[in-house]
Amino acid sequence: MTYQEKKSIVSLVSVIFIFISFCLYMYPKYPGGGLESTETFRFWGSFVLILTLVSIIAHIIISIIFNITFRMMTGEKEPKFEDELDKLISLKAFRNSFFVFILGFLMAMGSLVVSKPSQVMFMILIASGFISDLIGSATRLYHYRKGV
């Protein structure tokens, strides 16, 4: 397995782990008040902001740990350059990830149009962000395994 394949697998697993563990951490803090209360909006706003911050920090830490472990196990360094194949694969992964997120965004806005509670909009936005991250990592792994 190449470095890029291993990195894609670690990214895929870490996305799932970070999201599930954060949701389990935040679930007990959900306010049980009214559907449109200020506390509910505060909860969802903090959920999105903290998840973004935690996700970025966790990905950086996991990437550092992965590179250290990879170097210790194989004795090789992380590749310092990207060739045309790497760039093409990254673009395809970004395209797929972006498409899924935009689709989720449109669904979230559509939920407001059909008079669903605002919590539904937040849940769809958060889920589409998670799924788009998964799709990006899975696309990257697929193309490194099967080719472009």
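I began with the crossing of helix 3 and helix 4, which is right-handed in this predicted model. The residues that make up the contact of helix 3 with helix 4 comprise 16 nonpolar, 12 polar and four charged ones.

I then looked up the geometry of that pair, and found that helix 3 and helix 4 pack at an angle of about 165 degrees, with their axes 8 Å apart. Since angles over 145 degrees count as roughly antiparallel, I noted helix 3 as roughly antiparallel to helix 4.

Next I turned to the loop between helix 3 (84-113) and helix 4 (118-146), where serine 115 lies. Its phi is near 65 degrees, a positive value in a residue other than glycine, and I recorded this since most residues other than glycine have a negative phi. Serine 115 is exposed, with a relative accessible area of 64%.

I went on to the salt bridges, of which the structure holds two. In one of them the side chains of glutamate 5 and arginine 145 meet, at 3.0 Å from N to O. Glutamate 5 lies in helix 1 (residues 3-26) and arginine 145 in helix 4, so the pair ties together parts that are 140 residues apart in sequence. I checked the exposure of both partners: glutamate 5 is buried, with a relative accessible area of 7%, whereas arginine 145 is exposed, at 52%.

Finally I looked up arginine 42, which forms a salt bridge with glutamate 39, the closest N and O atoms being 3.1 Å apart. Both residues lie in helix 2 (residues 38-74), three residues apart, or about one turn of the helix. For glutamate 39 I noted a relative accessible area of 43%, which is partly exposed.

Definitions and conventions: Residues are numbered from 1 along each chain as its sequence is written. This is a predicted model: local features need pLDDT of at least 70, side-chain atom pairs count only at pLDDT 80 or more; totals for chains, interfaces and linings use all residues. Side-chain values use heavy atoms; hydrogens and water are left out. Helices (H or I, at least four residues) and strands (E, at least two) are DSSP runs, numbered from the N terminus. Buried means under 20% relative accessible area, exposed over 50%, partly exposed in between (1.4 Å probe, protein chains only). Axes are lines fitted to C-alpha atoms, for helices over the stretch in contact, and angles run from 0 to 180 degrees between N-to-C directions. Angles under 35 degrees count as roughly parallel, over 145 as roughly antiparallel, 65 to 115 as roughly perpendicular and the rest as oblique. A crossing is left-handed if the near helix is turned anticlockwise from the far one by less than a right angle, and right-handed if clockwise. Ala, Val, Leu, Ile, Met, Phe, Trp, Tyr, Cys and Pro count as nonpolar, Asp, Glu, Lys and Arg as charged, and the others, Gly among them, as polar. A salt bridge is a side-chain nitrogen of Lys or Arg within 4 Å of a carboxyl oxygen of Asp or Glu.
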